[in-house]
Amino acid sequence: MTHRILILGGTAEARQLAGKLAARASVTLSLAGRTESPVEQGVPVRTGGFGGADGLAAYLREMRVDLMIDATHPYAAQISANAAQAARASGVPILALRRPGWEPVEGDRWTLVDTFGDAAQALGPLPRRVFLALGRQEVAVFEAAPQHHYLIRSVDPVEPTLAVPDAEYLLARGPFREPDERALLEKHRIEVVVSKNSGGAATYGKIAAARALGLDVVMVRRPDLPDVPSAETVEALTAIVDQFGVDHFVEPAAERGV
Ligand SMILES: NC(=O)c1ccc[n+]([C@@H]2O[C@H](COP(=O)([O-])OP(=O)(O)OC[C@H]3O[C@@H](n4cnc5c(N)ncnc54)[C@H](OP(=O)(O)O)[C@@H]3O)[C@@H](O)[C@H]2O)c1
């Protein structure tokens, strides 16, 4: 019998995981629908919110999902919380792909903050040249610090643009290599980088480049995520599924109330 796996995605790892697991099960990848032209995912995709944890639980039951894998971005805390709650409510087992965050190394000049609003404050009162490597939803709070020059890079256009007098916009999709990031920071005479602690190699280039150039980094700490069984890499997660088989995670239908 072919098992059904739902992968909550929106990351490169989710796409890779879907490709690997597609040989073992019937895989559907779920995207929020934020990005206007997402890259080809290689497996069947469903798009858009589920309607909270209840909506996701209903979807899991209706589609007879055997295993859900939360492979969303570490800053997508709401969907991860919903996934854990929906798994409990529906009895559908859950695994998470949780890539580890970056750790500061010698030469890094990080200021750690809890929120994007705190990051805007941490830039200080004097005008600075700031690189915001953040999503378009996160940059709005920087309107509270209009004294700075901002270089804002996002996958989709920031609309509306920020109500600050001095901002430039760049559209680009990673991965970003260190030499290119260094050239970008130098070209725009950036003094401070604001970043999420995304982890992984695809967006680490700017952190390494900032270190090489002796620039400050305001690092927004990761949000709290629910405690569910997890692996740190696509390979490790695939190995767990292989070792136990999807059946291992599937509770008898009676216990799930289906
Ligand atoms: N946040 C980031 O920094 C970041 C970076 C790169 C990629 N992404 C990806 O972008 C997507 C949205 O991120 P976010 O931070 O806006 O999420 P979020 O704040 O955690 O979630 C907000 C709502 O969006 C819907 N949603 C989120 N991810 C979904 C998915 N994979 N499939 C279906 N619905 C989803 C859910 O709506 P309902 O409640 O209606 O179900 C969720 O409640 C995620 O897929 C994430 O992996 C996020």
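Mentor: A backbone N or O atom of F50 lies 2.6 Å from an oxygen atom of the ligand. A polar contact here is a pair of N or O atoms within 3.5 Å; within protein, one must be able to donate a hydrogen and the other to accept it, and residues adjacent in sequence count only if both atoms are side-chain atoms. This is a predicted model, where local features need pLDDT of at least 70 and side-chain atom pairs count only at pLDDT 80 or more, while totals for chains, interfaces and linings use all residues. Residues are numbered from 1 along each chain as its sequence is written, and side-chain values use heavy atoms, with hydrogens and water left out.

Trainee: How do the residues of the shell around the ligand divide by type?

Mentor: The shell holds 7 nonpolar, 12 polar and 4 charged residues. Ala, Val, Leu, Ile, Met, Phe, Trp, Tyr, Cys and Pro count as nonpolar, Asp, Glu, Lys and Arg as charged, and the others, Gly among them, as polar.

Trainee: Which element gives the most to that shell?

Mentor: Helices (H or I, at least four residues) and strands (E, at least two) are DSSP runs, numbered from the N terminus. The helix α3 gives the most, with 4 residues.

Trainee: How is the protein divided into domains?

Mentor: Domain bounds come from an automatic or database domain assignment. Domain 1 is 4-100 + 224-256, and domain 2 is 110-220. The shell around the ligand draws at least three residues from each.

Trainee: What area is buried between domain 1 and domain 2?

Mentor: The size of an interface is often given as the accessible area lost when the parts come together. Buried area is that loss, with a 1.4 Å probe, summed over both parts. Between domain 1 and domain 2 it is about 900 Å², of which carbon and sulfur atoms give 41%. In domain 1, R34, E36 and Y75 lose the most area to domain 2, together 53% of what that side buries.

Terms used. Buried area = accessible area lost by both parts, 1.4 Å probe.
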